[in-house]
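Hi,

Here is the structure I promised to pass on to you. Have a look at it first, and then read my notes below.

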Amino acid sequence: MLPTVNRILLAVVGAVLVAAGTVVLTGWWPLHGRHAPLLSEQTRNRYWHADGWWWWVVLAALAVGVLLALWWLLCQLRRPRLQAVVVDTGDGAFAMLRGRALEEAVAAEAGALEGVAGCRVALRGRRGSPALRVALELEPHAVPADALAAVAGPVLTHARTSAGLPELPAEARLKVTSHRAQRVT
């Protein structure tokens, strides 16, 4: 969802900046020409000394803009990957398994399967209930159903048991590597 919000936000900000730049450069309405002041003395006096709703609306709009900007900044700083997984050691204590270690172990095991050219793994979710996102790059001769069954069976079972997790949901995305046509003579 975050990339979609970023694209929409950038498009809106870009459109507003292009429109504002066009208005300022051409001196078009409401500027009344290039050499006219932006706000006339009458307008400045009317709104500067206004007692009523005007300044409250301006302040509310600015506050909403600042809150939206802070929300967007916090979304950018948030880490999408899970840093650690809580593992029950069986003696009443808990251990922390690094998320990168689990990702690398699953990626190495899945990458060694027949027909898999490469594998990327991302650990998502929460510490108590993690989930995996597996991106498999298959070789041209590989059978996708066999590769998916091998990942869903032994690879995820091994990851689940080694991390001591009762369940480890996973989402797999398959992609076939591009290859050149072979010339037959």
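Let's begin with a term you will need throughout: a residue is buried if its relative accessible area is under 20%, exposed if over 50%, and partly exposed in between (1.4 Å probe, protein chains only). Keep in mind that this is a predicted model, in which local features need pLDDT of at least 70 and side-chain atom pairs count only at pLDDT 80 or more, while totals for chains, interfaces and linings use all residues. Residues are numbered from 1 along each chain as its sequence is written, and side-chain values use heavy atoms, with hydrogens and water left out.

**Salt bridges**

How many salt bridges are there? The count comes to three, where a salt bridge is a side-chain nitrogen of Lys or Arg within 4 Å of a carboxyl oxygen of Asp or Glu.

Take Glu-171 to start with, which is partly exposed because its relative accessible area is 32%. Glu-171 meets the side chain of Arg-173 in a salt bridge of 2.8 Å, N to O. Salt bridges with shared partners join Arg-133, Glu-171 and Arg-173 into one network. In the bridge between Arg-133 and Glu-171, the closest N and O atoms are 4.0 Å apart. That pair links distant parts of the chain, since Arg-133 sits in strand β4 (residues 130-138) and Glu-171 in strand β5 (residues 170-176), 38 residues apart. Both arginines count as partly exposed, Arg-133 because its relative accessible area is 33% and Arg-173 because its value is 49%. (Helices, H or I with at least four residues, and strands, E with at least two, are DSSP runs numbered from the N terminus.)

Arg-100 and Glu-103 form a salt bridge too, their closest N and O atoms being 4.0 Å apart. Both lie in helix α4 (residues 99-111), three residues apart, or about one turn of the helix. Is Glu-103 buried or exposed? Glu-103 is buried, because its relative accessibility is 5%, whereas Arg-100 is partly exposed at 44%.

**Helix α4**

Which residues of α4 are buried? They are Gly-99, Leu-102, Glu-103, Val-106, Ala-107 and Ala-110. Seen down the helix axis, these buried residues fall within an arc of 130°, so they line one face of α4; the arc is that of the directions from the helix axis to the C-beta atoms. An α-helix has 3.6 residues a turn, so residues three or four places apart point the same way. The face turned away from the buried side carries the exposed residues Glu-104 and Ala-108. The buried residues of α4 pack against β1, β2 (94-98), β3 (116-125), β4 and α5.

**Strands**

β4 and β5 pair in the parallel sense over seven bridges; two strands pair if DSSP finds at least two bridges between them.

Finally, look at Val-87 in strand β1 (residues 84-88). Val-87 counts as buried because its relative accessibility is 14%. Leaving aside neighbours within four places in sequence, Val-87 is in contact (heavy atoms within 4.5 Å) with Ala-93, Phe-94, Ala-95, Leu-97 and Ala-163. Val-87 and Leu-97 are ten residues apart in sequence, and their C-alpha atoms are 6.7 Å apart in space.

Enjoy exploring!
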